Amino acid sequence: MLSRVRVWLNRTYAENVFFMDQLRRNPSDRAVEIHATHGDPDSPVLAAADTAELEPEGLSPAAYVEFALDQCQRRGIDVFVPRLHQAAIVAHRADFAAVGTALLAPPPEGVAVFHDKVVAYEAVQSIGVPVPPWWRVRTAAELVTAVEALEADGHKACFKPASGAGGVGFRVITRTPFSLAQLNGFPSPYVSLDMVVEALEQAGEEVDWLVMPRLEQPEVSVDTLTGTDNRVRLAIGRTKNGRRRGFTQDEQWLEPARLIAEGFGLHYLSNIQFRMFGDRPVLMDVNTRPAGGLHQLSLCGVNVPWAAVQLALGEETGVIEPPFLGQDYTVVSGPRQLRPASVPVPVPVPVPVPHQRVEEVEALLPSVPAPAPAIEAAEEVLPL
């Protein structure tokens, strides 16, 4: 009988409760135990794990590596999926291997290339992957120059941090003055150029932004699974056009994603995002980690988290082709159980979190309303 596999996810996204669910429901019928750590005691991943701890705050990357090595050794971790301080952790791959832990993350060189979006764009251009026009700006004057150049070509300008994940810091430039119209309805990503220039001049310090044209939909996120031999085992595109989501195997998206994953050795799981610039797809971003929406590929009949763990354990998966492409769907919020509230404990001392998993049983509706437990929204997918 095969021994159980112990997997650790550190300070990850709430959506990765589904990543954890898929590991437990793996097609190999292998026993999996999951350890989770997070800085937020109300993260649903802590409640979904078999064992969990609060992470100490304020650790330097080097100190966090020591914390991670201790976790792996004490907890008997077989596979570690690092998100926080990924670059520092992968630089110590040999140290983790020495305590019996495989890192489910690319080598340091691959992580470094895609930490900085300017370096990333220059690198992928060198292997023939198209990118949008871009300017790196640090001052108000450089921002105005870039915006005027884009507007002269008929584009709407936007900016985002040169390093960062997700949509944090993304804004679209407008010439419309700030008014009460911006205070009606929901907050908008649009921001007046005059306000941005004024903020930069008052700050008295440089920024590090990437200015580029606002790209058009569809947005296609290609999830790739790559072995340590730099060969892609799986590539599936997830499409997004407004609320509608779907899947694609169109080579106009998959071919450049494979070029990037194989050319830069993005071992295990990566997420490579494209949008349209005019009539052609261009690279938008590369994430050297599992995407929050990776679990959506289960609608195509594949369990990608488990295949990645297999590769990390040295078990060959072969090329994985989805048996079908799932129908279009949308994403909605749903409740996930949280661990019971507890008395705050000072950090940076790691705090044990009680075992939270409960057996799934079919519940009958109560005859009278009962107090609702604490919940947090997490993404579910529903067919359109």
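This text walks through the confidence of a predicted model and then its aromatic contacts.

Averaged over the protein, pLDDT is 90, and 89% of the residues reach 70 or more. Where pLDDT is low, the predicted coordinates should not be read in detail.

The structure contains 9 aromatic pairs. One of them joins tyrosine 64 and phenylalanine 67, whose ring centres are 5.3 Å apart; the planes meet at 55°, so this pair counts as tilted. Both residues belong to helix 3 (residues 61-75), and because they are 3 residues apart there, about one helical turn separates them. Tyrosine 64 is buried, at 1% relative accessible area. Phenylalanine 67 is buried as well, at 9% relative accessibility.

Another pair consists of phenylalanine 159 and tryptophan 209, with ring centres 4.2 Å apart and planes at 20°, so the pair is stacked. Phenylalanine 159 sits in strand 7 (residues 157-161) and tryptophan 209 in strand 10 (residues 209-213); the pair therefore ties together parts that are 50 residues apart in sequence. Both phenylalanine 159 and tryptophan 209 are buried.

Arginine 83 lies over the face of tyrosine 13, 5.0 Å from the ring centre.

How values were computed
Residues are numbered from 1 along each chain as its sequence is written. This is a predicted model: local features need pLDDT of at least 70, side-chain atom pairs count only at pLDDT 80 or more; totals for chains, interfaces and linings use all residues. Side-chain values use heavy atoms; hydrogens and water are left out. pLDDT is the predictor's confidence in each residue, from 0 to 100. Rings of Phe, Tyr and Trp (its six-membered ring) pair if their centres lie within 6.5 Å; planes under 30 degrees apart count as stacked, over 60 as edge-to-face and the rest as tilted. Helices (H or I, at least four residues) and strands (E, at least two) are DSSP runs, numbered from the N terminus. Buried means under 20% relative accessible area, exposed over 50%, partly exposed in between (1.4 Å probe, protein chains only). A charge sits over a ring if NZ of Lys or CZ of Arg is within 6 Å of the ring centre and within 35 degrees of the ring normal.
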